[in-house]
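Please look over the structure shown here, and then read the briefing below, which takes up its parts topic by topic.

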Protein chains: 4
Amino acid sequence: MHIAVPKLFQLCCALAALAGSTVAQAAPPPSQANLSPVLNAGMDGASALRFDWPMIRIGTGEYDEGPTGVTVFRFARPVHGAIDARGGGPGTVNPEFLQLGYDRPALDAIVFSGGSWYGLETVTAVNTAFVDEGYRGGRWDNVGLVEGSIVYDLGSRRLNEIYPDKKLAQAALRAVQPGVYPVGPYGAGRLVMTGAVFGCNAHSGQGGAFRQIGDLKIAAFTVVNAFGIVTDRDGRVPDCNREPAWPQDLKAKDLMADAMNTRKEGWPPPPAPGDARRNTTISLVIVNQALAPWELQRLAVQVHTSMGRAIQPFATEYDGDVLYAVSTAELSPPEDERISLVNLGLLAGEVMWDAILSAAPEQPAMPVPSSASVADAKTLNKYSGDYLFSQFAKLTVTAAGGKLFGQATGERDIYAIPRNKSVELLPVSATEFTVPGRYPLLLRFDAKGGLTINPGRWQQVAKKARR
Amino acid sequence: MHIAVPKLFQLCCALAALAGSTVAQAAPPPSQANLSPVLNAGMDGASALRFDWPMIRIGTGEYDEGPTGVTVFRFARPVHGAIDARGGGPGTVNPEFLQLGYDRPALDAIVFSGGSWYGLETVTAVNTAFVDEGYRGGRWDNVGLVEGSIVYDLGSRRLNEIYPDKKLAQAALRAVQPGVYPVGPYGAGRLVMTGAVFGCNAHSGQGGAFRQIGDLKIAAFTVVNAFGIVTDRDGRVPDCNREPAWPQDLKAKDLMADAMNTRKEGWPPPPAPGDARRNTTISLVIVNQALAPWELQRLAVQVHTSMGRAIQPFATEYDGDVLYAVSTAELSPPEDERISLVNLGLLAGEVMWDAILSAAPEQPAMPVPSSASVADAKTLNKYSGDYLFSQFAKLTVTAAGGKLFGQATGERDIYAIPRNKSVELLPVSATEFTVPGRYPLLLRFDAKGGLTINPGRWQQVAKKARR
Amino acid sequence: MHIAVPKLFQLCCALAALAGSTVAQAAPPPSQANLSPVLNAGMDGASALRFDWPMIRIGTGEYDEGPTGVTVFRFARPVHGAIDARGGGPGTVNPEFLQLGYDRPALDAIVFSGGSWYGLETVTAVNTAFVDEGYRGGRWDNVGLVEGSIVYDLGSRRLNEIYPDKKLAQAALRAVQPGVYPVGPYGAGRLVMTGAVFGCNAHSGQGGAFRQIGDLKIAAFTVVNAFGIVTDRDGRVPDCNREPAWPQDLKAKDLMADAMNTRKEGWPPPPAPGDARRNTTISLVIVNQALAPWELQRLAVQVHTSMGRAIQPFATEYDGDVLYAVSTAELSPPEDERISLVNLGLLAGEVMWDAILSAAPEQPAMPVPSSASVADAKTLNKYSGDYLFSQFAKLTVTAAGGKLFGQATGERDIYAIPRNKSVELLPVSATEFTVPGRYPLLLRFDAKGGLTINPGRWQQVAKKARR
Amino acid sequence: MHIAVPKLFQLCCALAALAGSTVAQAAPPPSQANLSPVLNAGMDGASALRFDWPMIRIGTGEYDEGPTGVTVFRFARPVHGAIDARGGGPGTVNPEFLQLGYDRPALDAIVFSGGSWYGLETVTAVNTAFVDEGYRGGRWDNVGLVEGSIVYDLGSRRLNEIYPDKKLAQAALRAVQPGVYPVGPYGAGRLVMTGAVFGCNAHSGQGGAFRQIGDLKIAAFTVVNAFGIVTDRDGRVPDCNREPAWPQDLKAKDLMADAMNTRKEGWPPPPAPGDARRNTTISLVIVNQALAPWELQRLAVQVHTSMGRAIQPFATEYDGDVLYAVSTAELSPPEDERISLVNLGLLAGEVMWDAILSAAPEQPAMPVPSSASVADAKTLNKYSGDYLFSQFAKLTVTAAGGKLFGQATGERDIYAIPRNKSVELLPVSATEFTVPGRYPLLLRFDAKGGLTINPGRWQQVAKKARR
């Protein structure tokens, strides 16, 4: 019998099989202590952004077991930096210093990380690596300065609390290279989402864009993990787990108008569910034109404000939005050839919009339950058991009457499988099952007692516990 | 012979004739000392915003001679306020106090004004009126608090330096009334423009919108005087003096893409001409739901950021953008009926977008030069002479060879009529002449030696000097 | 019989007689509308600070009827400015602009004023005067920038609500002159006090100091109206209405230690009485050395912080402390001759301390009640009547049994004479009476039905109402 | 022959011998990778501050090899926090969040560290320890929040670049205990100094003080590493390496007056030498009274400002001063029993002054060169050789003519022993030598080829390299 498996799934399954099998060997769930950094994933892929700017070297590190990751931007020499924090829950290292308006370049690197405030360890780790490697000593004029921010990728987004740590950050720092940046679910954007405001919960990633206009270079990098929806220049929302009644060609203005409709049932809407309350988009815009401190700060403000077009709403209580603006000061044109600050901001805002749109990967296809009987009772029995994802996430699978059921039996729900009741797992194939709904799950069992939820870049892997 | 005069012009001319004739009587140009406040203009018009909210009383004052004006928002009792200043050249009174996070309502009124920093006199004048009228004494717990901001409406936008002053502001304060707000070129929005970034230079005004959703009330007021273009929810730019090659259905994304085009002649574009460098959008969002200080501040940030959709670019060096958020705290629903802060911000952002779009009045129609000879030499000779608009703006009109010519002979250009050369004034009718171009002028001569440039809401009036 | 009248009283009485008699002629109490500016008072006195710095021109305006006043610092050309606001209730005009770090000099003038937030009218008035006088037009590159702050000198400090207004400020602006600054109860420091934290309530004023070191010039100006006590470099509190038990040589450390004493009766002390809750010290430090924006801001922070030595406590909830730092940029020494920023701050902090100490005028001497009978019944009867200080401050004087009694019969207490009971007025001389206590009153009756409370710089004048 | 060794030296020598001998065994200088945390040193000493407040648990960690260290303040449950950063070069983690005025307690711990910006690793490490230990998960409502700041204790203050790291911080966190805090050169205050502004360069440490007044508790903790001098309540400067001409009873006002003296030779003074340009005082004030966010922020401002009395100058370019204010909210008295905010600030400012004064340890005694010949040529020869302190600090000792000489032969000077010339090491005893001057060195050789500079808490240890 032929089962239609969407193309993306096929792709991801190969990867998943690899990752899954390895992980499944380890009896206990992975802990922070024994993780292996995956470096510069996606850098040689077709979707990677390539650009010519030796001053910028980038490295990424990821822990597949989270998944979660970190992205390091290291500058070839100290640069000028400014910061604009606008979100309701920012996580930052050393922003005060950038706000003092010094005209001396001092910034060595910027670090973006997953892991919520725990991920700030990556920012400080990059700085200490500079001492350890001898790049920076501690003389008064030779103290490294690394700034950075984090996004929230914990909670119900995954079934563990692994965070990017010192080891991962320093490995990513050592892996930096110029001219390439993986776009999509990589680095700090390994497990990020958008659109919880309307329940979209679309997968996102880190985005990037680069433009050169004459000698002027502008690069924009962003990790899009927004409470708001991402909107293109025609007002469309390309990525969203839609409510059934919503049109395929979803527009921001329609969602907004709907929210304004007072006659709608269920108004006011309930507050966002807990996890939807933590997001954050962190961004970096870099120009090579020399700018005075006030100019760099203004660039940060103008570009950060412009992002309100691409992400709606933006800068909410549930975001921690921070933007860094950097000037490498490689370009000091005479006054009359200089691109005006306001035009520079306008251009950089467009580059940033491109970066935001580039972030979203292809969304997972919906698994289609099979109408045929796909697995016999013996197989189903074999799948029964307790699957441990982490110390607080456990799934108990039971077979009964030729059907398979799941129930979360740890401290937390397993996505759409709650703790308080048993849910039928509908068969897709002999090894795959699904829980349909707006955010469908795919569960794949393997022969060795392994279970992978949502195989692919965001998969969660468990092994059946011995009874 | 029939001359096509567009409808708006016919309307405005009636008004202009009235105003013009009166002004022309006065031999010297108007000075700050002898101006007459025009109060609550447009409040009974069809375009006025009407709403039911007794806590908010609004008054406007205008000096037609500028034109320029002021808008006063007086609250029935002290309210909570927050401020978010994002522009490069803000003008504010007392913002520091609002930033201290006090949980006691203290704000009596907010004042918006034209006149650039000179207009700040209106803000302080409203506060002193509170003492003069006995509303506020000076006891430690009874000091009035008035905040406010200004827009730039001077420079080449008009031919004088009249500013909204203490007299005008206190008159407007005494004229406040609930439930009505004139939308368009009124109050502080009397002479404002948008879109200088792309040379649009469209007329704008003050905008307003109101929504009630159950018990929740949201009002948004704004004076749109932006360097950026105003964009609707479909990405269109409704109001713009277009370059000839531009399409009628002008889109923001096309203008932006054009700006990114490196092969375009004349890149980089020259810096904005002087006067385009001063703008400012000032806004006020009011809700009746009680909010903690941090919530009100967050509302300000979220709504102000959302305005980046409607005004592109926003928060530039050439703007002084400031937004005030106010809670009247009339509504204190139980926690589970409360509209979440993020939804409140989303809704208020939409109301603000409506307010911005409401601000633009119908743009002046293009005068069409007549191909026929419309005035004889005698008439043309009668028009010749020096017309004094203010101490630094003078227009010399001369007749030669059956044609009429104009040249600025004071300290400043007269719009499209420069100081360094004579420009032909093309006849439209026996009394009207035009200088065509992207920003065409209409000059109307009257029988008594008066000259009105651009008759209508933004007209400039002069009388011929005796030789 | 000889009555000892302290010397200061003799001096002030001459002035008082003059002022008093004039005022007494007017039947109604003075209103804001009919006040006469007193300009540059004290500038030719011995206590005036004289200095050689043509870039700084200073004018003061006062309304004796308050008393209250304003001080205008006008710069010969635009200068660089920074602001540091640290108090709990600041009043400022346009601080946001100074915080943007622009490197272009833009500041025309700084205005200090009494009148609490109402006094902000003086700040905006100085700017509009610049247009009115033609110094500043409204072109984009020619907009005047005036900043300023206020102190609280209303409430129970005087018996009226007169505030420094547009008329007074513009008169003071026109009166500016270089090289001289009246130290003591002049200008914005006309009715200021210090030490309410410990009940000192000492009279203060505006202070100033100047130092030239080589080519380097440093000037410090301040209006000391602090909730804290003023302390000299030996820790002494020179000016304080002491509690009876306190030593003559009062030290800050002893007052502080006393406050820490847990066994003391009445701990915790009651909150400061209402009026003590409003104070504010506003300061200006000017240097002629060119400084980058961050340097000027740092100078502001360092000097403002240093003032915590001279005023204890400083920057409290009950203050609105603001400091402006200005660089005239007249001096641009080569790097190796430049005084380091930190040394500049140290020096300026010392100059500011000198300025603070200079502010306090000689404190009023204590009136001594006479043991002899000083006035006959007929005279006492003549003094009886209602004395109206303002629309809300009325004193009713009655004679009974050869004694004179007073009671406040308006809306407010008359200093130590309350509304709820009659207080005996003890005779000092035939025309003078006193209410003893920690803050003694002196009441002087004149032949024409006038009454002056506390004759001198801070006197309050009333005329007997006709019955 | 008897040699007078001051008592402190005898004490420290015992310790030094212990530490020195151990270190000397290791051939290579210590690297960051193989350091052993010393935990809670000084906690059982007489100088430790003891207090009764279970909400506060404190742990310290030190690396003797630096020396440098970290101090962790862990709260028994999340608390309210505010921050006031005033220095020119602050190092902070997550300050933005504290500035948002949230009224929910969220702060788990505050960390103070040496190591300049590298020491920020300790702040993030304490937060990740919270996940690792299971105290904090990653749910949206269960993310740990740790804030902290650092001081500069690198550069010429020691001969290596060891910094407090993740290992040290997490060890210190695990060692926290209530009620005790080591005062002096411990924890983050292990190698701090004061007074570089006047060349004092006095040893300092971490200070602490506690006061209970009724139910009200106030604690102040600070690491005093100030560019300014520390001043007591009588204006005295207790700790300073004085210039020879300065009096024993050194007063701040005299130093300041001296700085103002224009006739002094060498004016303007040269900029502070490089290393003097990095300092920082970081402080923490904790109260148990519940405070609104604005009140806590005001407390931070008032107390931080009050520190300008004890440290002169304060908040300079060369400092990175940061103060945290925390309320444990254990005490919520009725309004009329509540200590007013301004009094709370006043009291807390006094407690902080006590804390600052407590920080300074006994200063090292001056070694006295012996007039007698103390070592024979053979011994001197034995001392000859290269002593390696770290990869960039090497001292070459040579014997010639019965004298011993030293010269720095690595990348940096060895305190008073420069790289560009040989300096005689004057004998104090057979094993001890000194380089006299304002900042004298003591060098002690041991039998096993070890050399200890300045034996005691701040000693630097090297072993002779094999040739």
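In chain A of this predicted model, 14 residues of domain 1 are in contact with 16 residues of domain 2. On the side of domain 1 of chain A that touches domain 2 of chain A, the elements that give two or more residues are α1 (7–25) and β18 (385–390) of chain A.

**Domains of chain A**
- The residues of that side of domain 1 of chain A divide into nine nonpolar, two polar and three charged.
- According to the domain assignment of chain A, domain 1 covers 7–30 + 367–464, while domain 2 covers 35–359.
- Between the C-alpha centres of domain 1 of chain A and domain 2 of chain A there is a distance of 33 Å.

**Contact between chains A and B**
- Chain A brings 42 residues to the contact, and chain B brings 42 residues.
- On the side of chain A that touches chain B, at least two residues each come from β12 (206–213), α5 (252–260), α6 (293–306) and α7 (341–359) of chain A, and α7(A) gives the most, with eight residues.
- The residues of this side of chain A divide into 19 nonpolar, 14 polar and nine charged.

**A barrel in chain C**
- In chain C, eight strands with antiparallel pairing form a closed barrel, in the order β18-β19-β20-β21-β22-β23-β24-β25.
- Neighbouring strands of this sheet are turned against each other by 30° on average, direction ignored.
- Strand β18 (residues 385–390) of chain C runs antiparallel to strand β19 (residues 393–400) of chain C, and five bridges join the two.
- Opposite C:L388 stands C:K394, which lies in β19(C).

Technical notes. Residues are numbered from 1 along each chain as its sequence is written. Chains are lettered from A and ligands numbered from 1 in the order in which they are written. This is a predicted model: local features need pLDDT of at least 70, side-chain atom pairs count only at pLDDT 80 or more; totals for chains, interfaces and linings use all residues. Two residues are in contact if their C-beta atoms, placed from the backbone, lie within 7 Å. Helices (H or I, at least four residues) and strands (E, at least two) are DSSP runs, numbered from the N terminus. Ala, Val, Leu, Ile, Met, Phe, Trp, Tyr, Cys and Pro count as nonpolar, Asp, Glu, Lys and Arg as charged, and the others, Gly among them, as polar. Domain bounds come from an automatic or database domain assignment. Two strands pair if DSSP finds at least two bridges between them. Axes are lines fitted to C-alpha atoms, for helices over the stretch in contact, and angles run from 0 to 180 degrees between N-to-C directions.
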